Amino acid sequence: MPDVKKVLIVGGGSAGWIMAAYLNGALNKKGTEKNIDITLVESPDIPSISVGEATIPSIGHILGVIGLNEREFMKATNATFKQSIKYANWLNNEGEFYHHPFSRYRPGPIDRSAQDWIGSDRKIPFTETVSAQAMICEMGLAPQMLGEWDFGTKLKYAYHMDAAKFANYLRDFSVPKGVKHLLANVTKTNIQENGHIKSVQTACGKTLSADLFIDCTGFSAHLMEKALGVGFEDCSQWLLCDRAAVMHIPYDDYFPSQVRPYTTATAQSAGWIWDIPMSIQRSIGYVHSSAFITEEQAQKELHAYEGAHSGAYETKFINFKVGRREQAWKGNCIAVGLSGGFIEPLESTGIYLCDLAAVMLAEHFPFTQNAMEAMAFRFNRILTNRFYEILDFINMHYCLSRRTDTDFWKEVQKPEHITDRLQAKLEFWKLKLPSTADFDDQFFPGQTSASLSGHGDVRRPIDTAGLWNHESYEAILYGMDFRGPEFENKPGHVRHPVRVPEFIIQRLHGARQKLPPHHIWLNQVMGMHQYEMHTPPPGWGKA
Ligand code: FAD
């Protein structure tokens with residue numbers, strides 16, 4: 001019998017319910033065994049962060065282990081498909097855009113796509129020479145067929161969904177399978193002599209004890225920060241945005257003629273606007289830096305983006321701090337979700353980090369007390385590496401910009417706002433194109449300082465390409481014209497016409513025959529309502 005058996009999750013936002021459902025799926029075999037005892041307590045008064053949220057394909061693994069049916073999940077969370085992120089106006093603010101799609105074509109053992117494209121006339125964007133998915137997105141097509149799939153390699157996709165509904169769906173799925181659920185405000189944490197948490201107390205006088213505690217209380221980090229005093233490493237030096245202005249536009253009022261099968265991230269004067277289509281509404285949100293724009297101005301820009309009809313909807317402001325908990329796992333407590341840290345949602349990594357924590361905890365579950373420290377050490381290392389990997393990648397979107405139209409864009413390009421490792425990577429990639437080897441034991445010439453502040457593990461974080469490999473980097477680098485001017489001005493350089501591999505051309509021809517428009521798939525398969533069409537607002541179609 002394990003001596004670490006009782007798990008108490010505090011907080012019932014998407015982090016809390018992902019942890020509960022995944023641990024029950026992985027360690028209790030979807031509730032058919034009782035190896036660990038899982039209880040989730042959540043406040044009946046404190047609302048969870050509820051914005052329309054975009055995910056990345058790793059969520060497919062989570063749904064599978066929990067045992068969810070994809071279509072039921074999509075219906076319950078108002079989900080739509082997401083195949084890419086489209087970045088608009090990030091380079092020059094001249095209506096330019098590029099995609100970061102999930103699927104990419106691999107030509108063979110040696111991939112010279114980037115080399116070939118760099119030397120070409122670049123009349124077709126880089127991603128369109130390595131993936132059909134950017135164009136599939138632009139055509140508004142679903143990544144699934146109406147009937148059975150017979151279109152070769154499957155297209156990778158994730159979902160846009162309502163995160164609050166996702167948490168509720170996971171609750172309704174997990175409670176009948178053995179997860180205990182309590183509604184109460186946790187007001188006090190009782191600590192043992194060895195620094196481990198013994199129990200928590202609720203406002204209604206209950207004492208809840210456990211062997212392992214998971215803090216999913218959101219930005220308040222009730223256990224990890226308030227009780228255990230684990231600090232927060234501020235990363236706002238590299239990512240300047242600290243607030244979001246969020247709005248929902250119901251399709252009943254305004255349906256913009258299609259449901260885009262991708263997220264749009266459109267750069268603005270002091271940040272960027274996400275545009276996330278779900279099956280009954282769109283969520284838009286202006287992620288911005290409060291040092292460069294007031295709430296009133298941000299709201300104005302959000303309205304200008306959406307069009308005149310947006311005046312009818314409430315704008316909610318959410319403040320956030322970019323950074324990470326110095327230790328995600330301390331003693332017998334693990335901070336997951338917003339209590340563990342936050343990076344702005346430019347590449348949709350919030351829920352991903354909850355997913356990663358769930359997978360890593362299931363893999364490193366400390367079934368005995370004497371395993372606790374060793375498991376914590378590994379867990380912290382993996383989560384730390386991944387946090388910095390994400391930080392570099394998001395940071396890169398800003399620092400490659402050539403916009404000088406506002407103080408914000410001038411500021412983000414300054415060297416002091418670029419992480420040490422990213423700077424080193426970019427310098428190195430001026431000498432050689434990105435490749436798999438760059439993610440092996442990563443440490444680059446010119447890289448000077450470690451960005452990890454210690455806390456039991458003094459090693460530098462390494463980028464294992466666990467989430468984004470050199471191909472993802474290429475999508476952003478060449479989308480942002482990295483080294484473009486250098487090649488443009490190279491004396492005697494003859495540019496050949498850009499080449500699109502036959503496979504991609506064939507795939508696009510096939511896509512038109514095989515794949516239905518996204519909203520038609522949602523109408524026919526998910527029973528999405530057929531909304532009346534409206535002409536898209538002026539800002540919406542800009543990119
Ligand atoms: P919350 O949703 O805040 O939930 C906290 C829970 O703790 C609530 O249930 C609350 O009742 C409970 N609680 C708090 N205190 C107590 C207490 N004392 N006692 C009992 N219960 C308590 N992620 C993505 O993947 N994609 C996106 O597109 C995306 N967009 C985002 C946009 C913004 C502006 C923000 C801020 C975040 C975004 N995220 C996104 C991140 C994502 O929202 C979170 O990572 C994810 O929802 C997890 O949130 P959470 O459960 O940690 O916190």
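This is a predicted model: local features need pLDDT of at least 70, side-chain atom pairs count only at pLDDT 80 or more; totals for chains, interfaces and linings use all residues.
A polar contact is a pair of N or O atoms within 3.5 Å.

**Ligand contacts and cover**

- Cys216 places a polar backbone atom 3.3 Å from an oxygen atom of the ligand.
- Gly350 has a backbone N or O atom at 3.3 Å from a ligand oxygen atom.
- The ligand taken alone exposes 1000 Å², of which the protein buries 97%.
- Helix H1 (14–27), strand S3 (52–54) and helix H10 (350–363) are the elements that give two or more residues to the shell around the ligand.
- The ligand is surrounded by 30 residues, and the closest are Ser14, Ile46, Glu53, Ala54 and Ile351.
- By type, the shell consists of 14 nonpolar, 14 polar and 2 charged residues.

**Helix H10**

- H10 has 14 residues, which at 1.5 Å a residue should span 20 Å; the C-alpha atoms at its ends are 20 Å apart, in agreement with that value.
- Most of H10 is covered, with 12 of its 14 residues buried.
- Among the buried residues of H10 are Ile351, Tyr352, Asp355 and Met360.

**Helix H9**

- Helix H9 covers residues 295–306, and its 12 residues should span 16 Å at 1.5 Å a residue; its end C-alpha atoms are 17 Å apart, which agrees.
- Ala298, Glu301, Leu302, Tyr305 and Glu306 are the buried residues of H9.
- Viewed down the axis of H9, these buried residues fall within an arc of 130°, so they line one face of the helix.
- An α-helix has 3.6 residues a turn, so residues three or four places apart point the same way.
- Exposed residues Glu296, Lys300 and Ala304 sit on the face of H9 turned away from its buried side.

**Cys241**

- Cys241 is found in the loop between strand S13 (232–234) and strand S14 (243–250).
- The relative accessible area of Cys241 is 2%, and the cut-off for a buried residue is under 20%, so Cys241 counts as buried.
- Cys241 and Ile343 are 102 residues apart along the chain, while their C-alpha atoms are separated by 9.6 Å.

Definitions and conventions. Residues are numbered from 1 along each chain as its sequence is written. Side-chain values use heavy atoms; hydrogens and water are left out. A residue is near a molecule or strand if one of its heavy atoms lies within 4 Å of it. A polar contact is a pair of N or O atoms within 3.5 Å; within protein, one must be able to donate a hydrogen and the other to accept it, and residues adjacent in sequence count only if both atoms are side-chain atoms. Accessible areas come from the Shrake-Rupley method with a 1.4 Å probe; for residues, only the protein chains shown count as cover. Helices (H or I, at least four residues) and strands (E, at least two) are DSSP runs, numbered from the N terminus. Ala, Val, Leu, Ile, Met, Phe, Trp, Tyr, Cys and Pro count as nonpolar, Asp, Glu, Lys and Arg as charged, and the others, Gly among them, as polar. The expected span of a helix is 1.5 Å times one less than its number of residues. Buried means under 20% relative accessible area, exposed over 50%, partly exposed in between (1.4 Å probe, protein chains only). The arc is that of the directions from the helix axis to the C-beta atoms.
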